[in-house]
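User: Please take a close look at one part of this structure. Give me the details in one connected answer.

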Amino acid sequence: MNRELAGASLAGRQPPLEAVVIGTSAGGLGALSLLVDGLGAAFPLPLLVVQHVPADMPTQLAEIFGRKTALRVKEADDKEALQPATLYFAAPGYHLLLEGDRSLSLSQDEAVHFSRPSIDVLFESAADALGPAVAGILLTGANEDGAAGLEAIHRAGGLTIVQDPAEAEVDTMPRAALQRFAPDHILPLRNIHRLLRELE
Amino acid sequence: MADRNLEIELKLLIEAIYLKYSYDFREYSPASMKRRVLLALQQMRCDNVSALQRRILYDAAAFMELLQYLTIPVSEMFRDPGYFLALRQQVVPLLRTYPSLKVWIAGCSTGEEVYSLAILLREEGLLERTIIYATDINPRSLERARQGIFAIEHLRQYSENYRRAGGKGSLADYYTAAYDSAIMDKSLKDNVTFADHSLATDSVFSETQLISCRNVLIYFNKPLQDRAFGLFHESLCHRGFLGLGSKETVEFSGYASLYEPFDKQERIFRKL
Ligand SMILES: C[S@@+](CC[C@H](N)C(=O)[O-])C[C@H]1O[C@@H](n2cnc3c(N)ncnc32)[C@H](O)[C@@H]1O
């Protein structure tokens, strides 16, 4: 476990990362804005985000972020192939899953932790599909969704980062993960951001 | 990376299901298929996928139980009200021009979509000259669809959906409440044929003017999606309508050039 940035680098990692998956709920919009700040067309990986939103109030996450970043931003479509420099948001009301052939699938299976999309579902499928080639980031949030998924990424040899609960707007989600296992890094947002910037 | 033995066991299970029961899950999206098998494993108290495979091979009732996990029997009345509003306002005026109508609801699950469409067609004065084919692969879901009894606790949500879908009266006009159930007006299904039909293995059975197939194709891989689009194309009359789920489209399929978007937002396409 590493609370400092020293020694942390995603760039030289073997095998090289193929995707970054991110999960968050309450407080997530602000945290995400900080995280993707300055990322652009040179970013070599796809970023997949599950951000919980109330099902009856689908916010236009892709539109909001499209204005904030130079990444390509879109709501994830069924069966589309992953592209670098692209920020995918899970669609409200659907789980988002990563397939072994690096494409995306949607499903309407039962909610997990009262959430659809669920972070666990995305993370567990990413662990399965990419093993050590995926980085999972769990941010501020008000429930325990994502903890089991991040642990699955950890067990499959992937890289795991948890936002430092001390600075998280709501620390339930990061703490739930820390209760299950010791991630590779526990970092404040600005340092997670710096790790991502280094990849460019 | 994914546990290699588990991957092999999953493949064998799906093959066994196909050989024994002719249900073909071989071309479903692997990631969610795996989730559902693992969930079934837990709920059916099997130690591993091989044990589950053995059990379903020798026990048809156990297979029927597994099928409840493999199919996703979740639905809602007037789910995505905008879709039903678009059918009502834009598609119905064109359907009116046919002396008689055939509508196919593929993957109708427990029937919520069927009763929604039947109500809509009745309010538009079309139900009497329409035959609705409601098909699915899950016999238990089909039986529930046939009965048309829904848990009363959902009706508040359904009523709200109905209103937003342009409903002309009150949803309560179409059911009677009994204890914790809502029993749908039986006359709604006078012209409905519920039937076992698989988009993965069966062929077209009728010409239709409208097909509604929602939240079924997302469970298929691309080749199987194309198979389904092939069936729809064969079944639809010239200028017939195809309505899909809110995250489904014909646009990136092998059939893209054979349809035009009719209401892109609501995922309604029209055969060229
Ligand atoms: C999530 S439900 C969708 C229900 C409804 N159409 C809706 O949108 O509310 C998916 C349904 O597709 C059915 N299904 C799965 N595979 C099928 C196949 N090969 N052919 C026909 N139906 C299938 C399942 O049994 C299930 O009832």
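Analyst: **Domains and the ligand site**

The C-alpha centres of domain 1 of chain B and domain 2 of chain B are 29 Å apart. Chain B is assigned domain 1 (2–71) and domain 2 (81–271), with bounds from an automatic or database domain assignment. Contact (heavy atoms within 4.5 Å) links 14 residues of domain 1 of chain B to 13 residues of domain 2 of chain B.

This is a predicted model: local features need pLDDT of at least 70, side-chain atom pairs pLDDT 80 or more, while totals for chains, interfaces and linings use all residues. Residues are numbered from 1 along each chain, chains are lettered from A and ligands numbered from 1 as written, and side-chain values use heavy atoms, without hydrogens and water.

Now the ligand. It sits in the largest cavity. A cavity is a set of points on a 1 Å grid over the protein atoms alone where a 1.4 Å probe fits but cannot get out; sitting there takes more than half of the ligand's atoms within 2 Å of those points.

20 residues surround the ligand, each with a heavy atom within 4 Å. Tyr28(B), Ser75(B), Arg79(B), Glu113(B) and Asp136(B) are the closest. The shell holds 8 nonpolar, 8 polar and 4 charged residues; Asp, Glu, Lys and Arg count as charged, and Gly as polar.

Polar contacts pair N or O atoms within 3.5 Å. For Asn215(B), a polar side-chain atom is 3.2 Å from a ligand oxygen. The protein covers 98% of the ligand's own 600 Å² of accessible area (Shrake-Rupley, 1.4 Å probe).

Terms used
A polar contact is a pair of N or O atoms within 3.5 Å; within protein, one must be able to donate a hydrogen and the other to accept it, and residues adjacent in sequence count only if both atoms are side-chain atoms. On a 1 Å grid over the protein atoms alone, a cavity is a set of points where a 1.4 Å probe fits but cannot get out, and a pocket is an open set with protein on both sides within 12 Å along at least five of seven lines; lining residues have an atom within 4 Å of a point.
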